[in-house]
Amino acid sequence: MKTSRLLTVLVGGVFCLAVMSLYRMLELMQGAELREHPDTPGGQVDNDLSRLQQKIDELERLLSDNNRLVATLRDYLLPHKASWGKGGGANVSSDSAHSQDGTLPGCRLANEMKDETDGVQLLDVYDLLPFDNPDGGAWKQGFEISYHGNEWDEQPLELFLVPHSHNDPGWLKTFDGYYQDQTRHILNNMLIKLSEDSRRKMIWAEISYFSKWWNDIDEQKREMVKRLVRAGQLELVTGGWVMADEANSHYFALLDQLIEGHQWIQRHIGVKPSSGWAVDPFGHSPSMAYLLKGAGLQDMVIQRVHYAVKKHFARQQTLEFQWRQSWDPSPRSDITCHMMPFYSYDVPHTCGPNPSICCQFDFHRLPGGRVYCPWRISPQPITEQNVQERALLLLDQYRQKSRLFRSPVLLVPLGDDFRFTDSSEWDAQFSNYQKLFDYFEQHPELHIKARFGTLSDYFSALRRRLSAAGSTLPTLRGDFFTYADRDDHYWSGYFTSRPFYKRLDRTMEATLRATEILFSLTLAEMRRFHGNGQLVAGFPAREHFQRLTAGRRNLALFQHHDAVTGTARDAVVVDYGTRLLHSILNLRQVLQSSAHWLLLLDKSQYHHDQSKPFLQMDDVISAQDALPQKTPLTLSDEPRSLIIFNPTEQLRTSVISVVVDSPDARVVDAQTGRPMAAQISAVWEEPTRASTESFQLDFVAELPPLSLAVYHVTKAAVGSAHRAQYTFYRQGNPPTVQSEYFQVSRPKGPEADAPLSLSNKHVQMWSSPETGLLQKLRLQSGLVRQLQVQFLWYGTTSNRDKSGAYLFLPGTEGGQLYKPSEPPLVRVSRGPVFSDITSCFRHFTHRVRLYHLDGHAGRSVEISNMVDIRSEVNRELAMKLVTDVANGNRFYSDLNSFQMQQRRTLEKLPLQANFYPMTSASFLQDSTSRVSLLTAQSQAVASLTPGELEVVLDRRLQQDDNRGLGQGVTDNKLTASLYHLLLEDRRGGAQEVGGASVEHLSLLAHLSSLSLCHPPITMVAPSNSQLPKLRPFLPLSSSMPCDVHLLNLRTLEDAQEAETPSQEVALLLHRKGFDCSSAPDTPLQCTWSAHEEVNVDDLFSPLRFRSVRQSGLTLLREDDEPESARQQQPPRITRLQPMEITAFRVEID
């Protein structure tokens, strides 16, 4: 009764609101009529206008009362929302009205974040800095630091010397090579040497190595490790599987490698990391800071930041700050960050500003060893005779460094790459430093307390001192790209280096996520099917879980800052590639086996045969450096079953592409027998020769969220299938085309010179008949934009230092337009499912395609490139979009596919400094339009001139760039890259915002990016008439709101039985922030969340959860919400705020 009364009141309120809105519109229209008829007598107009004004004032007063009423109602109803039935009003359909200000509920208007007075916005810092590079004296890139000597009289200097060893999981040697030669010795010695003296400390970051070593040691040594950790002598910092790259890595993989590391630590050592340590990634991203904070870390250390930025921060004493997310108005996401002030994390650059002095305190470089000081002054062993002179020399460096910070607590790292391998190095460092520390302690007049420490020791002392002084750290927003370590040496090359493997990384990521989700759903279905929580006897759940674990770890390993970056030696790259390929193949087995069980109508027919799986993939990857090749299907009158898995949480209309052995084929929905729209296209063995054996069959599939759909393909009557029609162009040299099954034309005369045009319901595009390259786009709304595609070559500089794996050092001439030696072959294909234009140049094949679809897939232009620059010397190939968008010097690129970051192209910087990383999206905009380029692989992006956007496709460089790799980049492959290009109208929220405005992708761009990064997965059942009956698997009754992304559904390891799946699943949801100003004319077929509260049970209906418990992002038990806060019974309402990722530990019923 109460519910119906509430609903009546609510409906009444909404009705009043609608009526008033209509009334107001009528009044405004009346005002518009008055404006259109200026011949009305003046006094009359004034009279009417003032009456109208009064009415509007009255209406506005009523409206605001009404809004207050609705707000009160909403506040009252939210706790009772569960009883509202499905949806609970939490989701607003996209075809419902916009709210009063014309914006979509739940979307984010662009706004400039205003901070308190000491807030720092990095974009403003870049505007401010001259980026000159004067000689700073002993600290080359800094300045002379002075002090009086009495600064520490009241507050003595508190120094923490933090021993560390930076272990790259692959770089010059493979992961296993380094482990055998160095890492295991470091860790073995660590156990012995730390146990000898309780004052000794050490930090360790890379769990990939630590876990491998753990497997090699006995139980007694494991107990010693736990003892050292408990005593605070050994601290595991960050706790990730690797020290991840922060430019090219996708946030799924960044979080996954953190989860893998944290779960391992929790299981084996029982602690939780509290401090981050990232001293070698080449630039730093706030996305990583967000993930660390969400994983429960409080503090972090970063190192590789542009030398001019370091100098500026040192002058301002802002090297320590609260790093805040650009989009977050609250301090909720803040994490305390310490930026190391000098050139490197090695000993010469960490004790103070003068490397020639600091090097004398790296006791691994004592005379007679393998390593020496380049400044030609060697360290001396500390003796009673020299301890005073040595201690005072070192203290002077400590004091100078301390002047760069706001507190008298000082962090000094002690270590370098693969340090502390030999026990002699442990002895040299620890015993000599201990003598210096003892001297300081015996001389209180020096006002220094020095000891070995960990990051936790340092940060807790820092907090103590800050709070005693009543001072706080400044806040900072922004990111630290693009990094330069000296001169004009910008590290923007690695944003693209080894693009083949950057693409493979994302294929692996999509495969892992899809497999995680399907495996978790399969186990839940099996337990439900049996009713007693047991799994199916023949299903190899434990083996599959081990394959998943290996897949997680290989993807995690590849996020290392010398792996996905493309900055390792050739043989190491092959090792990474082989690991990725093996995992993709193993994960496919899990997918096939899970899908097999889920699809069977009669589950008793399930039989697992590893050597002969029931389902096969529709393509084959033959080697770690080969592109996937479709396997041709043999068709007959007997239907072949195609199984399509949609790994996204959205209902989607997708074009599925398979290769068949007949030009006549039909596809029907296996359940209903309904024929699907399809087209047959040629498989081009050469640009002008079509295969006579193989044909490409593309059909339109309607795929419910997370579903396995079944389609039947059969041979059809001759000529019954829609075949694509082809037109060929080539200036001055008409091609000879071999194609017996397809209609081919070669236009002549004026027709051959007319612009090529393709269109669908949403978009019309025009291309050049000479090159086939795009020239302009027109939307259904009437918006027309020039949008030319060009290709460029970049060479390298004639100076001594040239481009290499890390650095981009282009020649002074900049990018030169690609000029083919002969006109390209242009092939236009037209069909009912898609139409496209392919341009065949010597170094690349470029294709633009339009899909004839109603959904969001029809709104973007698909661009694909197949690049091969193996014939070139010191050249890089880029693709450029030239538009008439008036974006000035601003554009946006994404950070780790998690958030968009404003970029400003600055004249005062060299060309290479204006390139930024793009993981999955970049856009240009002005007040009326936005052009977005969405990408399926990470690469470098720039907007060097207003209206232009360019991406670097591949780089081939013959020399080392002197950053330690010792080789160029010459292992290029035939490399594919894939994009969606989106032109959108902007209105409503399109006011230009000053300063560092925060922008998001539109909902349409989010959906387009989702389908690009997570394509449907096609499997094929055997061609056999005795097939068991298959039934589609439809786990969700409807799509999730389109601003809620199912990041993962990851089965957790059983707490009792190792390497075995538990009943618990990590559910990770990401609520995306989306832009308001570009809502499409025709609505999207999905809903979005109007409120921050979401009913988790509704999202996943009809799936049911036995328990739902919110946790930290890495699902550590101690981060779980308390039992008292846990919602035992549905409906479980949780708060998902825009931009936030939320993690739950769930059991699926």
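The model is predicted. A search of the whole structure finds two disulfides, and the sheet described here is an open one of five strands. The residue D328 is treated separately, together with its contact to S333.

**The five-strand sheet**

- The strands of this open sheet follow the order β14-β44-β17-β22-β19, and their pairing is antiparallel.
- At the edges stand β14, covering residues 616-617, and β19, covering residues 665-669; each of these strands pairs on one side only.
- Within the sheet, β17 (residues 640-645) is paired with β22 (residues 708-715) in the antiparallel sense, and six bridges connect the two strands.
- In general, strands of a sheet pair through backbone hydrogen bonds, in either a parallel or an antiparallel manner.

**The disulfide of C351 and C358**

- C351 is joined to C358 by a disulfide, with an S to S distance of 2.0 Å.
- The angle about the S-S bond is -85°, and the link between C351 and C358 is left-handed.
- Both partners, C351 and C358, are buried.

**The disulfide of C359 and C373**

- The sulfur atoms of C359 and C373 lie 2.0 Å apart, and the two residues form a disulfide.
- C359 and C373 are both located in the loop between α10 (355-358) and α11 (387-402), and the pair is 14 residues apart.
- This link of C359 and C373 is left-handed, with -100° about the S-S bond.
- C359 is buried, as is C373.

**Two further buried cysteines**

- C337 has a relative accessible area of 0% and therefore counts as buried, the cut-off being under 20%.
- C840 has a relative accessible area of 14%, so C840 is also classed as buried by the cut-off of under 20%.

- D328 belongs to the loop between β9 (320-324) and β10 (335-339).
- Because its relative accessible area is 0%, D328 is buried.
- The side chain of D328 makes a polar contact of 3.1 Å with the side chain of S333.
- D328 and E1140 are 812 residues apart along the chain, while their C-alpha atoms are separated by 9.7 Å.

Technical notes:
Residues are numbered from 1 along each chain as its sequence is written. This is a predicted model: local features need pLDDT of at least 70, side-chain atom pairs count only at pLDDT 80 or more; totals for chains, interfaces and linings use all residues. Side-chain values use heavy atoms; hydrogens and water are left out. Two strands pair if DSSP finds at least two bridges between them. Helices (H or I, at least four residues) and strands (E, at least two) are DSSP runs, numbered from the N terminus. A disulfide is a pair of cysteine sulfur atoms within 2.5 Å. Buried means under 20% relative accessible area, exposed over 50%, partly exposed in between (1.4 Å probe, protein chains only). A polar contact is a pair of N or O atoms within 3.5 Å; within protein, one must be able to donate a hydrogen and the other to accept it, and residues adjacent in sequence count only if both atoms are side-chain atoms.
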